Amino acid sequence: MDLIYILDDEAGKETLHVRAELYKYLIKVRRHKEGDILHFRARVDLRPLHTYKLESLEPRSAELTLISSEIKEVKSSKNLHIGWCTIDSNAIEKVLPSLCEIGVQRITFISCERSQKNFKLDFKRFERLLEASMQQSGRSNYIEFDTCKSVKEFIAKHPDTKVFDFCDNTLADYSDISTVLIGCEGGFSPNEREIFKSLGSFRLDTPMVLRSESATLAVASKILL
């Protein structure tokens, strides 16, 4: 079943009238025609998948009629929570769509000792960036975003955390990781390493030094895919 869908706040109604930019996207870009079947979800509740038939086309609008609505949640079978020491929001935004498609459930941004303090995180903007990825991948929930004041506070809240860091330990099995901590550019401070030294650190099997956003994407892929 094709679970690619379109987000529309009117989804779920018996009849949908599509105009303006969405019309251009569906008819001019995706080249849908009368009789085609399309799927929609509404932001207010992403769980139901609403299936419509494109009944009629006008030069600037299209009318669709509802065929069915069913609860159809699409998400990763494994929940992954990333504790990510804050970096430049522009770098975060570049990998957010991929993290969404991979299936990351939650990201907590941590103000660690080596994080630059001038970065402002706009979670509403992050959610808007996720939407195109969600529609293309079929995912039916947003990544959850949160913040934390320090590595110490994060570890206290999530004592089962595994730490991605510069070390000699590579893992053969990532299946038991549900929460992972990843540093910012420059890595963790000696004080922070002292805090999590009992948790167990690991690295990827590569001689290259990864940027924070590259490491986040690579580690999430290892755990979830």
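Student: Which residues line the largest cavity?

Tutor: Rolling a probe the size of a water molecule over the atoms shows where empty space is left. In this predicted model, the lining of the largest cavity is formed by His81, Arg106, Thr108, Asp146, Thr147, Cys148, Phe154, Lys157 and His158. The space inside the largest cavity amounts to about 40 Å³, and the structure holds one cavity of 30 Å³ or more.

Student: Which elements each supply at least two residues of that lining?

Tutor: These are strand S7 (106–110), strand S8 (144–148) and helix H4 (151–157). The largest share, three residues, belongs to S8. By class, the lining of the largest cavity comprises two nonpolar, four polar and three charged residues.

Student: What volume does the largest pocket have?

Tutor: The volume of the largest pocket is about 360 Å³. It is lined by 21 residues, of which Phe164, Asp165, Phe166, Val209 and Leu210 are the closest to its centre. The lining of the largest pocket consists of 12 nonpolar, five polar and four charged residues.

Student: Let us turn to a single side chain. Is Glu131 buried or exposed?

Tutor: A residue is called buried when its relative accessible area is under 20%. Glu131, which belongs to helix H3 (residues 123–137), has a relative accessible area of 13% and is therefore buried.

Student: Which side chains are joined to Glu131 by polar contacts?

Tutor: The side chain of Glu131 has a polar contact of 3.0 Å with that of Arg43 and another of 2.6 Å with that of Tyr142. Leaving aside residues up to four places away in sequence, Glu131 touches Leu7, Arg43 and Tyr142.

Technical notes. Residues numbered from 1 in each chain as written. Predicted model: local features only at pLDDT ≥ 70, side-chain atom pairs only at ≥ 80, totals over all residues. Heavy atoms only, no water. Helix = DSSP H or I, 4+ residues; strand = E, 2+ residues; numbered from the N terminus. Buried < 20%, exposed > 50% of the residue type's maximum accessible area, 1.4 Å probe, protein only. Polar contact = N/O pair within 3.5 Å; in protein donor to acceptor, adjacent residues only side chain to side chain. Contact = heavy atoms within 4.5 Å. 1 Å grid on protein atoms, 1.4 Å probe; cavity = no way out; pocket = protein on both sides within 12 Å on 5 of 7 lines; lining within 4 Å. Points joined across faces, edges and corners; volume = space filled by probe spheres on them. Nonpolar A, V, L, I, M, F, W, Y, C, P; charged D, E, K, R; others polar.
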